[in-house]
Amino acid sequence: RADGNPQYMMRGMMIGAALNVVLDPIFIFVFRWGIQGAALATIIGQIVSGVIALAYLPRFSHFAIRKKYLHLKWRFIGDIVRLGFPSLCTQTATAATQIVMNNLMRKYGAATIYGSEIALSCYGLMMKIYQIAHAMFVGLASGTQPINGFNFGARQYERVKQTIQTAAKISIGISVLCGGFLAALFVEEEPLYQEFAVHCFRLYMLGFFVYGLPNVTASFFQAIGSPVKSLMVSLSRQVIFLIPFALLLSAHFGMDGALGAAPVADVLAFLLAALLLKRELRGWKKKNMIA
């Protein structure tokens, strides 16, 4: 059964990514197309992955693609939009956060010995590495979401409870390991750039040890059909806490205030996710849905 064989889809994604990696240097350096070449390589890779995904659909054994099934139904569209809206807001919030933080680094970095260029470049470097760690939680949340959704629909609430508890423990473990590793990634040295990089990483990563739980909690609420709670958790770190605190603290403490807003947001988002998750499972227990 193709339904139980995710390796086909994984190979399709890997082929698209590998094609992008191969085409990048060819288009950029051989054909000298520059940034347009990099963009074209990305587009080609995504198209190939999409074609492979479409070719996979007829292999499903539980449904068949027929023309009569392709008519739009507003009820299903509404459900898709409702459940997918938290993810849309999360991606939008990420972009908004980057805009705010970049401007704060430029503004307050100029008032320090590092200057705006060093502040911006170090912050950009940190975010690239930060995104690698973040990708682990995205993978964990994506992996548990169909498990939670399927078992919740099948009324196997005990399995959902066990899944979210396991995911929460794994997320905290990854947070602690990644937080310690990233905070110690740079060592003290004399150059000004290196000095600020160390300072930037260690201050921004101070609360990363609790970063993982909100990610899996937002995925959990999305899987069980609670988009409002999912949206609240998804937006908590960046929109509800990080941007306001970055603006507030930077006005009083400059660049350190902007960077220090991140651990504050991490801890507050963790507490919110833990509270909502605890209340949800407690409600299930009162309804005798779980032991």
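Guide: Start with burial. A residue is buried under 20% relative accessible area, exposed over 50%, and partly exposed in between (1.4 Å probe, protein chains only). Lys161 is buried by that rule, because its relative accessible area is 17%.

This is a predicted model: local features need pLDDT of at least 70, side-chain atom pairs count only at pLDDT 80 or more, and totals for chains, interfaces and linings use all residues. Residues are numbered from 1 along each chain as its sequence is written, and side-chain values use heavy atoms, with hydrogens and water left out.

Now the pairs. Side chains of opposite charge can pair when their charged atoms come close. A salt bridge here is a side-chain nitrogen of Lys or Arg within 4 Å of a carboxyl oxygen of Asp or Glu. The count is four by this rule. Three of these pairs follow.

Lys161 bridges to Glu158, with N to O at 3.9 Å. The two sit three residues apart in helix α5 (residues 157–183), so about one helical turn separates them. Helices are DSSP runs of H or I with at least four residues, and strands are runs of E with at least two; both are numbered from the N terminus. Glu158 has 29% relative accessibility, so Glu158 counts as partly exposed.

Next, helix α3 (residues 74–109). Arg82 and Asp79 lie three residues apart there, which means a separation of about one helical turn. Their side chains form a salt bridge at 3.6 Å, N to O. Arg82 is partly exposed, with a relative accessible area of 39%. Asp79 is partly exposed too. Its relative accessibility is 31%.

Then Arg237 and Asp266. Their side chains meet in a salt bridge at 2.5 Å, N to O. Arg237 is buried, at 10% relative accessible area. Asp266 is buried as well, at 1%.

For contrast, turn to a nonpolar patch. Val22, Ile26, Phe29, Val30, Phe31, Trp33 and Leu40 make a nonpolar surface patch of about 670 Å². Patch members have over 30% relative accessible area and no salt bridge; like charges are joined within 9 Å, nonpolar side chains (Val, Leu, Ile, Met, Phe, Trp, Tyr) within 5 Å. Areas come from the Shrake-Rupley method with a 1.4 Å probe, and for residues only the protein chains shown count as cover. Helix α1 (residues 7–30) gives the largest share of the patch, four residues. Leu40 belongs to helix α2 (residues 34–56). Leu40 counts as partly exposed, at 33% relative accessibility.
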